[in-house]
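I opened this one to go through its rings, its core and its charged side chains. My notes follow in the order I looked things up.

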Amino acid sequence: MSQTEIRHYQESITIQASVDFVYELVSDITRTGEWSPVCTRCWWDDDAAAGQVGSWFTGHNELPHRTWETRSQVVAAERGREFAWVVGGDRVRWGYTLTPAGTGSTLTESWDFLPGGIAMFEEKFGDDAPTQIADRTQLALDGIPTTLAAIKRIAERVPWG
């Protein structure tokens with residue numbers, strides 16, 4: 001399968017921290033820059049709605065050749081189980097799911113390139129859309145294990161109860 005055909009990817013890691021602790025970490029989008037290789041910072045568009053389903057946040061992304069911002073909406077916020085958002089309302093779904101694993105937890109990060117995202121790339125980039133889609137896909141494939149490893153390091157260095 002070529003990279004332009006990959007529309008979903010996920011990977012998991014076991015972390016020696018409780019599911020509630022890890023959920024609190026990954027659902028605090030203001031900390032995203034601590035673990036993401038692309039998204040250097042995020043902020044809630046409305047602090048009063050922070051972390052709730054339906055709330056929006058903005059992310060600032062950086063690569064060596066460009067920077068950009070995205071707006072995302074939280075679509076799942078179930079403490080200790082799942083936190084997820086959709087970029088641009090219909091383009092890409094990113095999420096974390098948690099399951100207990102002995103005294104720790106298994107954290108799974110997932111990425112879904114949605115039909116709205118494919119359509120946006122086709123409209124914006126025309127004949128170059130497959131190349132652009134492959135580039136974004138590779139960023140996700142490379143970024144997820146990097147992100148999970150960083151979250152594990154952060155979560156395991158903090159005492160939790």
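**Starting point: D142**

I began at D142, which lies in helix 3 (residues 129-157); helices (H or I, at least four residues) and strands (E, at least two) are DSSP runs, numbered from the N terminus. This is a predicted model, where local features need pLDDT of at least 70, side-chain atom pairs count only at pLDDT 80 or more, and totals for chains, interfaces and linings use all residues. Residues are numbered from 1 along each chain as its sequence is written, and side-chain values use heavy atoms, with hydrogens and water left out.

I looked up how open D142 is: it counts as partly exposed, at 46% relative accessibility. The scale here is buried under 20% relative accessible area, exposed over 50%, partly exposed in between (1.4 Å probe, protein chains only). The side chain of D142 makes a polar contact of 2.8 Å with that of Q138. For a polar contact I need a pair of N or O atoms within 3.5 Å; within protein, one must be able to donate a hydrogen and the other to accept it, and residues adjacent in sequence count only if both atoms are side-chain atoms. I also checked D142 against D45: they are 97 residues apart along the chain, with 28 Å between their C-alpha atoms.

**Salt bridges**

I went on to D45, whose side chain meets that of R71 in a salt bridge (2.8 Å, N to O). My rule is a side-chain nitrogen of Lys or Arg within 4 Å of a carboxyl oxygen of Asp or Glu, and by this rule the count comes to eight. What does the R71 and D45 pair tie together? R71 lies in strand 4 (residues 66-78) and D45 in the loop between strand 2 and strand 3 (56-63), so the pair ties together parts that are 26 residues apart in sequence. R71 is partly exposed at 42%, and D45 is partly exposed at 35%.

R93 and E82 form another salt bridge, at 3.1 Å, N to O. This pair links distant parts of the chain, with R93 in strand 6 and E82 in strand 5, 11 residues apart. I also noted a network of salt bridges that links D20, E24 and R79.

**The core**

Which residues touch the most other members of the largest nonpolar core? Of its 38 residues, they are I15, W94, L107, W111 and I151. A core here is a set of buried Ala, Val, Leu, Ile, Met, Phe, Trp, Tyr and Cys residues joined through side-chain atoms within 4.5 Å. Helix 3 gives the most to this core, with 10 residues.

I then listed what L107 is in contact with (heavy atoms within 4.5 Å), leaving aside neighbours within four places in sequence: the partners include I15, V22, Y96, L148 and I151.

**Rings**

I found eight aromatic pairs. Rings of Phe, Tyr and Trp (its six-membered ring) pair if their centres lie within 6.5 Å; planes under 30 degrees apart count as stacked, over 60 as edge-to-face and the rest as tilted. W111 and F113 pair edge-to-face, 5.8 Å centre to centre with 70 degrees between the planes. F113 also pairs edge-to-face with F121, at 5.5 Å and 75 degrees. W111 is buried at 2%, and both F113 and F121 are buried.

Elsewhere I noted one aromatic cluster made of Y23, W44, F57, F83, W85 and Y96.
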